[in-house]
Amino acid sequence: MKLSPDETVFWEYGFFHLNLTIVTTWVLMFVLVVGSALITRNLKSGMKISRWQCILEMVVTGINGQIKEVGLDKPEKYIAFIGTLFLFIAFANVCIIFPWYEPPTGSLSTTAALAVCVFMAVPFYGVGADGFVGYLKSYIEPTVIMLPFNLISEASRTLALAIRLFGNMMSGGLVVAILISITPLIFPIIMSALGLLTGMVQAYIFSILATVYIAAAVKKTDTTEN
Amino acid sequence: MQIDWFTVIAQILNFFILVYLLKRFLYKPILSAIDDREKKIVGQIQDAEKKKSDAKKEKEQFVEKNKTFDEQKEQRVKESVDAVKAERKKQLDQVGKEAGVAREEHKKSLLKMQDDMVKTIAEKTQREVLQISRKALVDLASANLEEQTTAVFLDKLKAMKPEEIQRLTQAFKSDFDHVLVSTAFEISSELQTKIRSEVDKVLAASAVYDFKVLPQIISGVELSLNGYKLAWTVSAYLDALKDGVSETSKQSAEPVVEEK
């Protein structure tokens, strides 16, 4: 039994190899980008808009609202990163309804990659808000003694992000697989439905935590300034 | 279970590519569309506010204009009423004057009619009296009225006072002056001769005579010479009657005019 889609390798050349995780990610990326491009190709700024445009506007404004609620004043600045995190994870998790589909988020490599992205994004936005020195100073606040704790906090939360998402998605898939072998009728459907819910919740948790970390970095520098 | 570092790197790259693509094809267009719509809505709201403000101003102007219009209307109505009253008074005055003039003309016309009627009555009376007199004279004296009147005229000529004779002789300047003798009827040559001789006597000269018939004399003889006139006619007597009748008619006509 394969626990991760990483284990399904299609092509390999030394360090480079093409596994199911990467291929599935490309397919998801293609669907997301082409779908968005098709819908936004004929956008209207009037009062009457298409249903698809309405759905996309709802999604984008919803993400914007969430970012704002967390405490970031200019959500347009962060929506590309946070919105993509949410949409990618949510879309990847929702697709579990398709048979034989294995979500890339069930791969620790993918969740680690996303966690690393968040790990990089936090100092990126923090430095963008108050400069490099200002951001580094936030690690020795309120005293220098806090520096190791802050560093541990950064590393541990990145690890927590990766493990949380991977654990939830992998366990969901595993539970469904086990149930199919035991009771192939009804129960796997219920568990798949639960998996959909879990997937959406995980996407929300992941992106909201990323937002909170970025907001904390930006706010921290703001507070230091004040 | 382990982390595949190539997959991690590949997924990081994939993720950033996805971030760029979604930013390019999803967030940017959607946010632009939303911004445009919000701007449009804000523009429409501002436009509506402006229109509302304009409408309010126009309403105020309209109310002000209405007020001014009402005031002007009242003023004009008042002016018109005054003008009509003045015109009415003027027209009434004029009509009063015209009525006065018409009344005067009517009064004059009535008086003229009265006068004409009196004249007609007098003429008729004269004629009737003359005819009655003529008939009475013929019946009583068997003499012609013309003869009698001529006789009376000749008697009057004979009985002329010296100053009258002097005036007649003064009027006769030369033998060539024509003496005009007018009678109501054609008189006989005998009477003409008598008249000639009597007048010549008075004039102490032989004058030229023209005998002419004038029916309006009615009866009698009238002698004219260079503006001097000597006459005895029935009309002289009848003139008194005419005056009397005229005066009586006037007195009876006055109240009629006053009543109108």
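Author: A salt bridge is a side-chain nitrogen of Lys or Arg within 4 Å of a carboxyl oxygen of Asp or Glu. Keep that cut-off in mind while looking at this structure, which is a predicted model.

Reader: How many salt bridges does the structure hold over all chains?

Author: Side chains of opposite charge can pair when their charged atoms come close. Here the count over all chains is eight salt bridges. One of them joins E154(A) to R157(A), with N and O 2.6 Å apart.

Reader: Where do E154(A) and R157(A) sit in the chain?

Author: Both belong to helix α5 (residues 146-182) of chain A, and because they are three residues apart there, about one helical turn separates them.

Reader: Are E154(A) and R157(A) buried or exposed?

Author: The cut-off for buried is under 20% relative accessible area. E154(A) has 7%, so it counts as buried. R157(A) is buried too, at 16%.

Reader: Which residue forms a salt bridge with K112(B)?

Author: The partner is D116(B), and the closest N and O atoms are 3.6 Å apart. K112(B) is exposed, with a relative accessible area of 54%, whereas D116(B) is partly exposed at 34%.

Reader: What is the distance between the closest N and O atoms of E198(B) and K201(B)?

Author: It is 3.7 Å, and the two residues form a salt bridge. They lie three residues apart in helix α4 of chain B, so about one helical turn lies between them. E198(B) is buried, with 13% relative accessible area, while K201(B) is exposed, with 61%.

Reader: Now the aromatic rings. How many aromatic pairs does the structure hold?

Author: A pair of aromatic rings is described by the distance of the centres and the angle of the planes. Over all chains there are 11 aromatic pairs. In one of them, F15(A) and F16(A), the ring centres are 6.0 Å apart and the planes stand at 70 degrees, so the pair is edge-to-face. F16(A) is partly exposed, its relative accessible area being 46%.

Reader: What are the distance and angle for the rings of F81(A) and Y125(A)?

Author: The centres are 6.4 Å apart and the planes are at 65 degrees, so this pair is edge-to-face. F81(A) lies in helix α3 (residues 75-94) of chain A and Y125(A) in helix α4 (residues 108-137) of chain A, so the pair ties together parts that are 44 residues apart in sequence. F81(A) counts as buried at 4% relative accessibility, and Y125(A) counts as buried at 13%.

Reader: Next, the surface. Which residues form the nonpolar patch?

Author: From chain A come F10(A), W11(A), Y13(A), F15(A) and F16(A); from chain B come W5(B), I9(B), L13(B) and I17(B). Together they have about 1100 Å² of accessible area. β1 (9-13) of chain A and α1 of chain B each supply at least two residues, and α1(B) gives the most, with four. I17(B) is in that helix of chain B and is partly exposed, with a relative accessible area of 43%.

Reader: Which residues form the negative surface patch?

Author: E76(A), D35(B), D36(B) and E38(B) form it. Helix α1 (residues 5-141) of chain B contributes the largest share, three residues. D35(B) is found in that helix and is partly exposed, with 40% relative accessible area.

Reader: What is the pattern of chain B along the sequence?

Author: Chain B has five helices and four strands, in the pattern α-α-α-β-α-β-β-β-α. Of its 260 residues, 28% are buried.

Reader: Where is A204(B) placed?

Author: A204(B) is in the loop between α4 (189-203) and β2 (208-213) of chain B. Although not a glycine, A204(B) has a positive phi of about 60 degrees. Its relative accessible area is 69%, so A204(B) is exposed.

Reader: What is the phi of W100(A)?

Author: The phi of W100(A) is positive, about 65 degrees, although W100(A) is not a glycine. W100(A) is placed in the loop between α3 and α4 of chain A and counts as exposed, at 84% relative accessibility.

Technical notes:
Residues are numbered from 1 along each chain as its sequence is written. Chains are lettered from A and ligands numbered from 1 in the order in which they are written. This is a predicted model: local features need pLDDT of at least 70, side-chain atom pairs count only at pLDDT 80 or more; totals for chains, interfaces and linings use all residues. Side-chain values use heavy atoms; hydrogens and water are left out. Patches are made of residues with over 30% relative accessible area and no salt bridge: like charges are joined within 9 Å, nonpolar side chains (Val, Leu, Ile, Met, Phe, Trp, Tyr) within 5 Å. Accessible areas come from the Shrake-Rupley method with a 1.4 Å probe; for residues, only the protein chains shown count as cover. Lys and Arg count as positive and Asp and Glu as negative; His and the chain ends are not counted. The place of a charge is taken as NZ of Lys, CZ of Arg, CG of Asp or CD of Glu. Buried means under 20% relative accessible area, exposed over 50%, partly exposed in between (1.4 Å probe, protein chains only). Rings of Phe, Tyr and Trp (its six-membered ring) pair if their centres lie within 6.5 Å; planes under 30 degrees apart count as stacked, over 60 as edge-to-face and the rest as tilted.
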